[in-house]
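Morning, everyone. I'll walk you through one model today, piece by piece. Please have the viewer open.

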Amino acid sequence: MGHSSKVLRPTQTRVTPGDARCQRSLPSSPSSWSSVGLLLIIALLAAATHVAPATAQTVAEPKPDFLVRDVNPNSPRNGKAVSPRDYRLQISAFYFGAAG
Amino acid sequence: MRVEILGFNRISDEAYNSLVARPLNVLPWLQDTTEQDVWNRWAIDYRDVLILDAFNRPVGKYNLTANDLLSSARRQVLKQLLLDAAVIVDSDQDGLPDVWETFWFDSLAQRPEDDFDGDGIDQRTEFALASNPKDPLSGPLLKPIIVRPGGRPALAVTVRRFSGGGPTLMAETSSDLVNWSAEPSSIFRVGSLVNAFDGMGGAEARFQQSSAAGALPNGFVRVRVVAP
């Protein structure tokens, strides 16, 4: 379908520390975050009990840690410092976008 | 497994954070800082969705500029990436997911009846209740509280459990410690799982006595881990 999804495997890990590609400036898309949010919440519910036979395991390196603040006043973690380590033994999906 | 979604704002867009404050948007919105510089350190492209596994390892990336989610096909692709990441695998079919065994022991050698840390709690229970199987001081977390629905007291307990599936937890109540009931007319689950964000996959569930059970002179609650 020509989609550019990436399932990262050991030989396909394309992220490199220090890459500054994120500095390019693009206009924000007001509808983007709400669309993603709705979809991903649905996916969360559907994923919780999905069980399947063994498949190939990824062995990419863990992403570097960070500690940043949750600034959404409606989030249960508002005001707290958040780390990806809080989400170990769970699946976490980070959307790097614009507010709005 | 449980999937948690977070948004991440870049440093230059900090002034627009107020735009996320909509009543139905309860997802965390993280603000990058010059000190943390996550967008750079993680080599992020604008509008990437980066999926991390239980070890914080990247297992999928989907860019929403290249793949606009106005397309249902692309929404399906992203959903499938998340579903694939959330699959629970139990290669040795011992009831302990591979991810849990390798997270704690870097192997699949543990058996449900083992007690690695010698605290009297077997691995099945350590897994089910999201405690640390290598720390004898880490055990089941049960927090009792008296609630008063309709003005009558009732006993409620909050229990920590593994958030991404696992054995069933059965709450039971009794007035004499002899006869126990798990019937919804006696005790029931309240609300949804609340993520503990403890880095061990834990979440908290609450069970509460019914008003009828709470009206009895004595009341006890227990929570059992039911082996599959």
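Chain A has an accessible surface of about 5300 Å², and 58% of that belongs to carbon and sulfur atoms. Keep in mind that this is a predicted model. Of the 100 residues in chain A, 40% are buried. Now contacts within chain A. Take those with a separation of 6 or more: residues 24 or more positions apart account for 32% of them.

What does chain A contain? One helix and three strands. Along the sequence, the pattern reads α-β-β-β. Helix 1 of chain A covers 32-47, strand 1 covers 68-69, and P64(A) is found in the loop between them. P64(A) is partly exposed, at a relative accessible area of 34%. What does P64(A) touch, leaving out residues up to four places away in sequence? P84(A), R41(B) and W42(B). So much for contacts; here is a distance. From P64(A) to G97(A) is 33 residues in sequence and 19 Å in space, C-alpha to C-alpha.

Next, the sheet that involves both chains.

Look at one pairing in detail. Strand 3 of chain A, residues 91-97, pairs with strand 1 of chain B, residues 3-9. The sense is parallel, over seven bridges. For a landmark, I91(A) stands opposite V3(B) in strand 1 of chain B.

Moving along chain B. Chain B is divided into domain 1, 7-86, and domain 2, 142-226. How far apart are the C-alpha centres of these two domains of chain B? They lie 36 Å apart.

Please go to helix 3 of chain B, residues 98-105. Why call this helix largely enclosed by the rest of the structure? Because seven of its eight residues are buried. The buried ones are D98(B), V99(B), W100(B), E101(B), F103(B), W104(B) and F105(B). What covers them includes helix 4 (123-128) and strand 6 (154-162) of chain B. After helix 3 of chain B comes D106(B), with a positive phi near 55°.

Strand 7 of chain B, residues 168-174, has five of its seven residues buried, so it is largely enclosed by the rest of the structure. It pairs with strand 10 of chain B, residues 220-226, in the antiparallel sense, over seven bridges. Here A171(B) stands opposite V223(B) in strand 10 of chain B. There is also a network of salt bridges, linking E172(B), R222(B) and R224(B).

That brings us to charges. Side chains of opposite charge can pair when their charged atoms come close. How many salt bridges are there over all chains? Nine.

Let me take three pairs. In chain A, the side chains of R77(A) and D86(A) meet at 3.1 Å, N to O. Both R77(A) and D86(A) are buried. In chain B, the side chains of R2(B) and E4(B) form a salt bridge at 2.7 Å, N to O. R2(B) and E4(B) are both buried too.

D53(B) has 8%, so D53(B) is buried. R57(B) has 14%, so R57(B) is buried as well.

That's the tour. Questions, please.

Definitions and conventions
Residues are numbered from 1 along each chain as its sequence is written. Chains are lettered from A and ligands numbered from 1 in the order in which they are written. This is a predicted model: local features need pLDDT of at least 70, side-chain atom pairs count only at pLDDT 80 or more; totals for chains, interfaces and linings use all residues. Side-chain values use heavy atoms; hydrogens and water are left out. Two strands pair if DSSP finds at least two bridges between them. Helices (H or I, at least four residues) and strands (E, at least two) are DSSP runs, numbered from the N terminus. Domain bounds come from an automatic or database domain assignment. Buried means under 20% relative accessible area, exposed over 50%, partly exposed in between (1.4 Å probe, protein chains only). Contact means heavy atoms within 4.5 Å. Accessible areas come from the Shrake-Rupley method with a 1.4 Å probe; for residues, only the protein chains shown count as cover. A salt bridge is a side-chain nitrogen of Lys or Arg within 4 Å of a carboxyl oxygen of Asp or Glu.
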